[in-house]
Amino acid sequence: MDSEALKKYSSLHPKPAGLTLQYGTAGFRTKAEQLDHVMFRMGLLAVLRSRAVASTIGIMVTASHNPEEDNGVKLVDPLGEMLHASWEEYATQLANAEDHELQQTVTAICQKAAVNQHKDASVFIGRDTRPSSKKLSQSVIDGIFVLGGQYHDYGLVTTPQLHYMVCCQNTQGQYGKATLEGYYEKLSKAFTELIKQSSSSGESQKHLKIDCANGIGALKLSEMEPYLPKEVLIQLYNDGTKEKLNHLCGADFVKVHQKPPRGLDMKPNERCCSFDGDADRIIYYYQDATGLFHLIDGDKIATLISIFLKELLAKGGQTLKMAVVQTAYANGSSTRYLEETLKVPVHCVKTGVKHLHHKAQEFDIGVYFEANGHGTVLFSKAAETKIRQLAKEEKDNEKREAAKVLENMIDLINQTVGDAVSDMLVIEAILALKGLTVQQWDAVYTDLPNRLLKIQVADRRVIDTTDAERRAVTPPGLQEKIDALVKKYKLSRAFVRPSGTEDVVRIYAEADTQENADALAHEVSLAVYHLAGGKGAPPQP
């Protein structure tokens, strides 16, 4: 390591005094002007990680659904998964080291993680459309350069596209070609094969309006359109030419506010969806004839995919083990429908994509979605091999056809991470093959009315949870109080959990009516306020 070069470049990317950041599920995220030193240092870290695992590592410059003035960075591990937990700790140490400690921090990481400084290093870089992203990705490149790493800058890409490229590169092309063209070709070929089977059920079925959150999704969907079959009629809204990223639009806005985004004119019963800012989440919705807004969230997307896969497995006479992974935020109706009607096992894990992804890897087929619309489907190596073999060799026509559809689903799904583009094509293919309207999909089950609240507290660490965050262990007496409150309402449940990023406690409640869900959420928020050190005035109903 050239310590003079490190010193010189580090002085070009100084750390602001008194700033400390934590690498979380979303990597680092804060105001863009505070991130220059972090980007430089994540360039350094990516080189170290690459040498430690002898593979290409990805760096994505994005703050996803945050406001346009924020930015962030996350690292992508060799198979397109999130950075290993032990390295999140190194990322935090490196980001917070004072300028004069940088050299020794790098050396300490090398020792702890047994990094051979003489090995080659390779890093793939991508960025979203934020005004600050280009300059910040240049800072990443400075970091890679100083430690002698090689890099390929993909420029503007969606987050899932970068995950995909990294996986392709490290599987020596087995997962696909590590180019944007390779991504478009693989997905569109699988999609085209799938919808060949569908009976063309009217033009309206093929029509889809997409809110692109004024982000990268619009650019990449426009690039992909020529690859898609003529029958696909998509209209892009909030394409970033006029308005600010994520402002009053995007999947997060629609999910939180339960209303359509600005800039998208909805007609009754039209199928619409929203991407988030970096296109790794998707939410569907429509307005019924009476003007009522209907949201179709990640739970319902997971259910649609599960219904479809279960039918295919039955048709193909396959005994593969399938399961759905959810978090405590999943609507109780979805869990009940999956377990009792569809007879598919459901597992609940802690909030955060890495927990869902990890659990889903335990099954032949693991479907996971967060209610916010981030999710995908994982196929085990053994399951994939078996399906591809049957698609080729099975003598029975019906079984072979079912295996072929499954094989195309495997190719259409981005298994590295939730991907709005891929998930949208999966959903559109399933709706076309099953001849379902958006209303019929929505009617599979009725969501229990629910309410999300947050309460400011002096210190979020006073609340500790267990049972996949569904029960509070501390402070004493809080869980007993919640249990007593839940007993007052029908079909009800409630839980509280500390935020991963700020001193607030998040409260979720559901019950048989909206009035009861609201009342329960309010009563639980009062209990949190009084027992967990609430700040400011007590919550009002």
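In this predicted model, helix H7 (residues 180-196) packs on helix H15 (residues 397-412) at an angle of about 150°, and their axes are 8 Å apart. Since angles over 145 degrees count as roughly antiparallel, H7 is therefore roughly antiparallel to H15.

**Helices H7 and H15**

- The two helices H7 and H15 cross in a left-handed sense.
- On the H7 side the contact is formed by Lys-186, Leu-187, Ala-190, Phe-191, Glu-193 and Leu-194, which meet Val-405, Asn-408, Met-409, Asp-411 and Leu-412 of H15.
- Sorted by class, the residues in the contact of H7 with H15 comprise 7 nonpolar, 1 polar and 3 charged.

**Helices H18 and H19**

- Helix H18 (residues 478-486) packs against helix H19 (residues 514-531) at an angle of about 160°, with the axes of the two helices 10 Å apart.
- With angles over 145 degrees counted as roughly antiparallel, H18 and H19 are therefore roughly antiparallel to each other.
- The crossing of H18 with H19 is right-handed.
- H18 contributes Leu-478, Lys-481, Ile-482, Leu-485 and Val-486 to the contact, while H19 contributes Leu-520, Glu-523, Val-524, Ala-527, Val-528 and Leu-531.
- By class, 9 residues in the contact of H18 with H19 are nonpolar and 2 are charged, and no polar residue takes part.

- Cys-272 belongs to strand E8, which covers residues 272-275.
- The relative accessible area of Cys-272 is 0%, so this residue is buried, the cut-off for that term being under 20%.
- Leaving aside residues up to four places away in sequence, Cys-272 touches Leu-208, Lys-209, Leu-264, Met-266, Ile-283, Tyr-284 and Tyr-285.

**Domain annotation**

- From an unreviewed entry, UniProt lists residues 178-283 and 297-435 under "domain: Phosphoacetylglucosamine mutase AMG1".
- Over residues 297-435, the chain is 58% helix and 14% strand, and the C-alpha atoms at the ends of this stretch are 20 Å apart.

Terms used. Residues are numbered from 1 along each chain as its sequence is written. This is a predicted model: local features need pLDDT of at least 70, side-chain atom pairs count only at pLDDT 80 or more; totals for chains, interfaces and linings use all residues. Side-chain values use heavy atoms; hydrogens and water are left out. Axes are lines fitted to C-alpha atoms, for helices over the stretch in contact, and angles run from 0 to 180 degrees between N-to-C directions. Helices (H or I, at least four residues) and strands (E, at least two) are DSSP runs, numbered from the N terminus. Angles under 35 degrees count as roughly parallel, over 145 as roughly antiparallel, 65 to 115 as roughly perpendicular and the rest as oblique. A crossing is left-handed if the near helix is turned anticlockwise from the far one by less than a right angle, and right-handed if clockwise. Contact means heavy atoms within 4.5 Å. Ala, Val, Leu, Ile, Met, Phe, Trp, Tyr, Cys and Pro count as nonpolar, Asp, Glu, Lys and Arg as charged, and the others, Gly among them, as polar. Buried means under 20% relative accessible area, exposed over 50%, partly exposed in between (1.4 Å probe, protein chains only). UniProt positions are given in the numbering used here, feature names are shortened, and annotations may be inferred rather than shown by experiment.
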